[in-house]
Amino acid sequence: MLSGAEQALRLLFGGDAALWQIIRLSLYVSGAALLLSTLLGVPLGAWLGMRRFPGRRLAVALLYTGMGFPPVVIGLFVYLLLSRSGALGGLGW
C-alpha cells in the first residue's frame, strides 16, 4: 500500500502530462456541471418553494425521491442512456 501511495505521488509531482490533462478535464466537467446545476436548480428550487400549483406535492415527492438515489446509480443510468446501444446513443455524444 505504501508503494502505491509513493507511485501516485511520483505521478502527481513528476509532471506527467497525461495525468494533468485528465485532472484538467475532470475539473472542467465538474465545474461545468456545478455551474449548470446552480443556474437551473436555484431558481427552480426557489420557485417550487414559493409557489403553490396543482401537482406540487408530486413534484416535491419526485425531487426527494431523486435525492435519495446514490450518485453511482444515476451515473450508471446516464451511461446506459448515452452508450452506443442506449436510447440516446445514436446522437453520437
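I take a patch to consist of residues with over 30% relative accessible area and no salt bridge, like charges being joined within 9 Å and nonpolar side chains (Val, Leu, Ile, Met, Phe, Trp, Tyr) within 5 Å. A salt bridge is a side-chain nitrogen of Lys or Arg within 4 Å of a carboxyl oxygen of Asp or Glu.

The model is predicted: local features need pLDDT of at least 70 and side-chain atom pairs pLDDT 80 or more, while totals for chains, interfaces and linings use all residues. Residues are numbered from 1 along each chain as its sequence is written, and side-chain values use heavy atoms, without hydrogens and water.

Entry 1, surface. I looked up the nonpolar patch and found F69, V73, I74, F77, V78, L82, L88 and L91, which together have about 670 Å² of accessible area (Shrake-Rupley method, 1.4 Å probe; for residues, only the protein chains shown count as cover). V73 lies in helix α4, residues 71-82 (helices are DSSP runs of H or I, at least four residues; strands are runs of E, at least two; numbering starts from the N terminus). V73 counts as partly exposed because its relative accessibility is 41% (buried is under 20%, exposed over 50%, partly exposed in between).

I located S83 in the segment after α4. S83 is classed as buried because its relative accessibility is 15%. Its side chain reaches the backbone oxygen of L80 at 3.3 Å.

I noted four helices and zero strands. The radius of gyration, taken over C-alpha atoms, is 20 Å, well over the 12 Å that the globule rule (2.2 Å times the number of residues to the power 0.38) gives for 93 residues, so the chain is more spread out than a compact globule. Buried residues make up 4% of the 93 residues.

Key:
Buried < 20%, exposed > 50% of the residue type's maximum accessible area, 1.4 Å probe, protein only. Polar contact = N/O pair within 3.5 Å; in protein donor to acceptor, adjacent residues only side chain to side chain.
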